[in-house]
Amino acid sequence: MEKKSRRVIVVLFWIYAVLMLWLMFGQRLLWIDGDAWLENYRAELLGSINLVPFRTIGSFVRSLLRGWTAHAASNLFGNVLMFVPLGFGLPFLSKRAKTFFGCVFLSFLIIFTAEMIQLFTLLGFFDVDDLILNLVGVVIGYWFQFLFVRYIFGRRK
């Protein structure tokens with residue numbers, strides 16, 4: 001792959017990473033009431049966890065089957081689409097992520113860490129279904145990247 005093309009992809013990836021950090025954490029910092037947050041930490045923490053796989057996904061799919069709802073659609077498709085760039089860009093940044101399983105494993109660690117930060121800071125919810133949907137996005141992104149390198153540049157990495 002040409003150095004200029006790779007450089008552009010790396011820059012775009014870092015812009016994506018900063019945007020994701022803002023979406024996952026930064027914008028929520030604006031809405032925190034520090035005193036209420038500290039007083040209710042334990043109750044909020046326990047109410048911010050879903051460890052049952054496909055509970056949230058199933059609820060949103062049922063909602064979509066009853067009629068299109070923006071909340072269900074944005075949650076399902078958004079959690080997938082937002083992580084396609086991670087699967088696409090990570091192999092350009094890390095040698096360990098050049099293989100499919102390396103990319104998925106490294107992405108899992110990144111996403112799991114973000115979910116844990118959301119949980120313990122109460123800047124979001126820890127939902128195993130988010131992890132599943134995010135990894136689906138990573139897989140799609142990885143295969144786009146694989147096809148991009150192979151067919152646009154005519155060779156494998």
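Biologist: Is F108 buried, partly exposed or exposed?

Modeller: First, a heads-up: this is a predicted model, where local features need pLDDT of at least 70, side-chain atom pairs count only at pLDDT 80 or more, and totals for chains, interfaces and linings use all residues. Residues are numbered from 1 along each chain as its sequence is written, and side-chain values use heavy atoms, with hydrogens and water left out. Buried means under 20% relative accessible area, exposed over 50% and partly exposed in between (1.4 Å probe, protein chains only). F108 has a relative accessible area of 29%, so the label is partly exposed.

Biologist: How many aromatic pairs does a search of the whole structure find?

Modeller: Rings of Phe, Tyr and Trp (its six-membered ring) pair if their centres lie within 6.5 Å; planes under 30 degrees apart count as stacked, over 60 as edge-to-face and the rest as tilted. Searching the whole structure on that basis, the count of aromatic pairs is 11.

Biologist: Why is the pair of F100 and Y142 edge-to-face?

Modeller: Their ring centres are 5.5 Å apart.

Biologist: What kind of aromatic pair do F108 and F112 form?

Modeller: The two centres are 5.8 Å apart. With 20 degrees between the planes, the pair is stacked.
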